[in-house]
Amino acid sequence: NVIDIINKLYSENDASKEELLYLLDNINEEEKNLLIEKAHETRMRTYSNKVYLRGLIELTSFCKKDCLYCGLRRSNKSAERYRLNIDEVLECVRKGDKLGYKTFVLQGGEDAYYTDDVMVEIITAIKNEFPNNALTLSLGERSYESYEKMFKAGADRYLLRHESASKKLYESIHPGEPYEVRFNCLKNLKEIGYQAGAGFMVGIPNQTNEDLANDLRFVKEFEPAMCGIGPFIPHKDTPLKDYPHGSLEKTVICLAIVRLLLPKVLLPATTALSSIDKNGRNAGLKAGGNVIMPNLSPMSVRKKYSLYNNKAYILDEDAEYRRLTEEKIKEAGFEVEITRGDNPDFRG
Ligand code: 5AD
Ligand code: SF4
């Protein structure tokens with residue numbers, strides 16, 4: 001039964017696909033609370049009540065891909081496109097350093113403007129100025145050589161959500177994009193030496209609990225250093241605009257299960273989670289989440305980086321935002337930690 005599966009997850013950090021599916025299909029309110037409690041205990045043992053902050057810089061809203069769910073997809077003619085240049089990136093990074101962020105994340109659409117040479121220049125400049133800060137990239141699928149060049153230039157981590165570990169569902173929301181390419185990229189990132197981040201959306205239209213069980217098994221087997229999990233949220237200018245967003249409850253259940261499957265994984269309470277519920281972030285932190293990724297992008301571009309509608313915190317001022325973030329984290333019983341916040345298994 002469900003309680004046995006939760007206990008097994010807690011004591012063995014493992015469960016079969018069948019067990020995960022059974023849990024997702026049958027878990028009731030009381031059992032959900034037990035699952036969350038166990039995830040929280042596990043997080044307290046590995047990371048205590050610490051929360052790591054990552055300053056997120058949204059590098060470009062151009063994208064050559066056409067993911068059905070995303071507002072930046074190339075077919076969206078009403079998307080507002082922008083690119084940050086190296087000076088703008090450095091300005092964000094300096095602002096972030098002043099606010100105490102020890103990890104910067106450069107995230108963007110798949111934009112051919114950011115060639116390997118351009119990226120190496122940006123990465124080198126950031127690392128020269130801030131050698132003790134970690135740098136995470138999230139720029140989509142690139143070649144082995146490209147990942148390697150950027151790693152050698154100083155990038156430490158790479159986020160590339162697998163989005164869905166069910167081939168059929170993956171390919172239905174990524175037209176013309178083979179599932180194997182994605183997994184190959186993740187494998188390459190790990191092999192090169194990045195702390196690699198996988199992750200998935202909860203509540204993608206037509207997603208079943210079996211698909212989610214596949215995602216959870218994939219995460220267990222791939223053993224990423226980080227795992228980004230958030231609800232699907234419709235964007236009005238995409239083919240999936242009329243579907244409902246993924247539920248807070250199911251997202252929280254997935255976060256808790258991932259914390260139990262991988263006790264040391266870095267697990268953000270995502271912006272998407274905050275965007276569907278004002279208590280989303282706290283709910284994520286209480287279910288095993290230990291990372292928050294505040295926005296550091298220039299105010300002028302924040303609205304343009306629109307993956308989904310009703311993005312949370314979009315217009316908050318940084319310094320004020322930083323203070324409020326910390327205050328809210330404390331209210332929830334957690335504590336901000338000003339370190340790089342590496343996964344202990346991936347960097348000594
Ligand atoms: N809803 C929720 N998450 C989304 N992402 C992209 N579009 C959406 C959406 N409509 C997520 C993807 C991607 C990450 C950067 O944002 O999982 O990997
Ligand atoms: Fe591009 Fe990423 Fe959006 Fe897909 S999810 S369209 S790759 S920005």
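Reply: Start with contact: two residues are in contact if their C-beta atoms, placed from the backbone, lie within 7 Å. This is a predicted model, in which local features need pLDDT of at least 70 and side-chain atom pairs count only at pLDDT 80 or more, while totals for chains, interfaces and linings use all residues. Residues are numbered from 1 along each chain as its sequence is written, and chains are lettered from A and ligands numbered from 1 in the order in which they are written.

Me: Leaving aside neighbours within four places in sequence, which residues is A15 in contact with?

Reply: I5, K8, L9 and L20. A15 itself is found in the loop between α1 and α2; helices are DSSP runs of H or I with at least four residues, numbered from the N terminus. Across 202 residues of chain, the C-alpha atoms of A15 and R217 are separated by 8.4 Å.

Me: Is A15 buried or exposed?

Reply: A residue is buried if 20 or more other C-beta atoms lie within 10 Å of its own, exposed if 12 or fewer, and partly exposed in between. A15 has 23 such atoms, so A15 is buried. E12, in helix α1, has 10 other C-beta atoms within 10 Å and is therefore exposed.

Me: How are α1 and α3 oriented to each other?

Reply: Axes are lines fitted to C-alpha atoms over the stretch in contact, and angles run from 0 to 180 degrees between N-to-C directions. Angles under 35 degrees count as roughly parallel, over 145 as roughly antiparallel, 65 to 115 as roughly perpendicular and the rest as oblique. Helix α1 (residues 2-12) and helix α3 (residues 29-47) pack at about 5 degrees with axes 10 Å apart, and therefore they are roughly parallel. In this contact, V2, I3, I6, L9 and Y10 of α1 meet E31, L34, L35, K38 and T42 of α3.

Me: Which residues touch the most other members of the largest nonpolar core?

Reply: A nonpolar core is a set of buried Ala, Val, Leu, Ile, Met, Phe, Trp, Tyr and Cys residues joined through C-beta atoms within 7 Å. The largest one has 98 residues, and I57, Y158, L216, C254, A256, I257 and V258 touch the most other members. Helix α10 (residues 248-261) gives the most to this core, with nine residues. Beyond its neighbours within four places in sequence, L216 is in contact with L20, C254, I257, V258 and L261.

Terms used: Helices (H or I, at least four residues) and strands (E, at least two) are DSSP runs, numbered from the N terminus.
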